Amino acid sequence: MAIYGEGAGDFGTLVDLTWDHGGSDGDWSTANWVVGPPSVPDTTVDALLNNGATVTVATAGQTAYNLTIDNGTVAVTSGADLSVSRTISVAETTGELSVANLGTINAQTVETAGTTTFDAGSAGAVGALNLRGGVTTISSPIVDSVDARAGTLQLGADVNVLHVFDAAV
């Protein structure tokens, strides 16, 4: 379990939820998660996808404290939104994060070595993108800074990244 603190002396235990793909729908917002409560991720929960499934965020208001995609895909569809309080981690070769046109993603940091795609027309805010491998495609201007130490970074025509560090692209 992860531990977090909101202030001096104010510590709590963060719940870890793992996708079990118990349901056939693949919907983030249904009870396909184990080791709760809660039955679906919220801002107090670290969410983990590690079994090769595809999890679809298809509605507004979906959240997690941290999201780790070790093996599988998280897809944010048009009209849906996912807000992660801290970090989204995408594993090398087996992890994938995709945000469709009119989908919204918010996170302080996206740490990726897998496949990450922000389609044209996607929205939200990513404070920092740390590229450690794989292929990342940004076709919508939602990323503030990029630290690209490995992998491939593809930028769409209308994308301006404010800061690029150690760019090997």
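Strand β9 (residues 72–76) is largely enclosed by the rest of the structure, because 5 of its 5 residues are buried. Buried means under 20% relative accessible area, exposed over 50%, and partly exposed in between (1.4 Å probe, protein chains only). Strands, like helices, are DSSP runs numbered from the N terminus (strands: E, at least two residues; helices: H or I, at least four).

The model is predicted: local features need pLDDT of at least 70, side-chain atom pairs count only at pLDDT 80 or more, and totals for chains, interfaces and linings use all residues. Residues are numbered from 1 along each chain as its sequence is written, and side-chain values use heavy atoms, with hydrogens and water left out.

In a regular strand the side chains alternate between the two faces of the sheet. In β9, G72, V74 and V76 point one way, T73 and A75 the other way, and all are buried. Two strands pair if DSSP finds at least two bridges between them. Strand β6 (residues 54–57) runs parallel to β9, joined by 4 bridges, and V57 stands opposite V76. Strand β11 (residues 95–99) also runs parallel to β9, with 5 bridges; here T73 stands opposite E96.

The structure holds 2 salt bridges, each defined as a side-chain nitrogen of Lys or Arg within 4 Å of a carboxyl oxygen of Asp or Glu. E111 pairs with R132, their closest N and O atoms being 3.4 Å apart. This pair links distant parts of the chain, E111 in strand β12 (residues 104–112) and R132 in strand β14 (residues 123–138), 21 residues apart. D147 forms a salt bridge with R132, also with closest N and O atoms 3.4 Å apart. D147 lies in strand β15 (residues 143–155) and R132 in β14, so the pair ties together parts 15 residues apart in sequence. D147 is buried at 11% relative accessibility, whereas R132 is partly exposed at 31%.
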